[in-house]
Amino acid sequence: MYLAPEEKEKIFAKHGKSKTDTGSAEGQIALFTYRIDHLSKHLKSNHKDYNTERSLVKLVGKRRSLLDYLMKKDILRYRAIVKELGLRK
């Protein structure tokens with residue numbers, strides 16, 4: 001498995017409210033970003049893996065919709081998470 005439970009707890013502890021708060025938008029965005037990076041690295045060496053490519057596109061869409069939600073809800077939290085994760089938009 002590419003993501004151990006300890007690693008997941010670290011992501012949520014750093015970006016969410018606590019390590020067990022898996023529902024916050026910031027924690028989910030951070031987790032999606034980690035998964036997107038992992039799948040992108042996989043696709044660089046396996047460029048014909050179309051199922052992974054489809055999963056990557058779906059994850060990017062989910063992250064985008066969460067970012068849009070956060071932008072509408074609280075622009076300061078949106079700016080903080082985008083800056084912290086180094087996202088382009």
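Visitor: Which helices each supply at least two residues of the lining of the second largest pocket?
Guide: This is a predicted model. In it, helix 1 (5-15) and helix 2 (25-45) each supply at least two residues of that lining.

Visitor: Which helix gives the most to that lining?
Guide: Helix 2 gives the most, with six residues.

Visitor: And which residues line the second largest pocket?
Guide: The lining is made of K10, I11, K14, H15, A30, T33, Y34, D37, H38, K41 and L85.

Visitor: How does the lining split by class?
Guide: Four residues of the lining are nonpolar, three are polar and four are charged.

Visitor: How much space lies in the second largest pocket?
Guide: About 180 Å³. In general, empty space is found by rolling a probe the size of a water molecule over the atoms.

Visitor: Let's step back. How many helices and strands does the chain have?
Guide: There are four helices and zero strands. Read from the N terminus, the order is α-α-α-α. Along the principal axes, the C-alpha atoms fill a box of roughly 40 × 30 × 20 Å.

Visitor: Now the packing. At what angle do helix 2 and helix 3 pack?
Guide: Helix 2 and helix 3 (residues 50-73) pack at about 155°, and their axes are 9 Å apart. Angles over 145 degrees count as roughly antiparallel, so helix 2 is roughly antiparallel to helix 3.

Visitor: Is the crossing of helix 2 and helix 3 left-handed or right-handed?
Guide: Helix 2 passes helix 3 in a left-handed crossing.

Visitor: Which residues make that contact?
Guide: From helix 2, the residues include I29, F32, I36, L39 and L43. From helix 3, they include L56, L59, V60, L66 and L70. The residues of the contact divide into 12 nonpolar, six polar and five charged.

Visitor: What about helix 1 and helix 2, how do their axes cross?
Guide: The axes of helix 1 and helix 2 cross at roughly 135° and come within 8 Å. That angle makes helix 1 oblique to helix 2. The crossing of this pair is right-handed.

Visitor: Which residues of helix 1 meet helix 2?
Guide: E7, K8, I11, F12 and H15 do, and they meet E26, G27, Q28, A30, L31 and Y34 in helix 2. By class, this contact has five nonpolar, three polar and three charged residues.

How values were computed:
Residues are numbered from 1 along each chain as its sequence is written. This is a predicted model: local features need pLDDT of at least 70, side-chain atom pairs count only at pLDDT 80 or more; totals for chains, interfaces and linings use all residues. Side-chain values use heavy atoms; hydrogens and water are left out. On a 1 Å grid over the protein atoms alone, a cavity is a set of points where a 1.4 Å probe fits but cannot get out, and a pocket is an open set with protein on both sides within 12 Å along at least five of seven lines; lining residues have an atom within 4 Å of a point. Grid points are joined across faces, edges and corners, and a volume is the space filled by probe spheres set on the points. Ala, Val, Leu, Ile, Met, Phe, Trp, Tyr, Cys and Pro count as nonpolar, Asp, Glu, Lys and Arg as charged, and the others, Gly among them, as polar. Axes are lines fitted to C-alpha atoms, for helices over the stretch in contact, and angles run from 0 to 180 degrees between N-to-C directions. Angles under 35 degrees count as roughly parallel, over 145 as roughly antiparallel, 65 to 115 as roughly perpendicular and the rest as oblique. A crossing is left-handed if the near helix is turned anticlockwise from the far one by less than a right angle, and right-handed if clockwise. Contact means heavy atoms within 4.5 Å.
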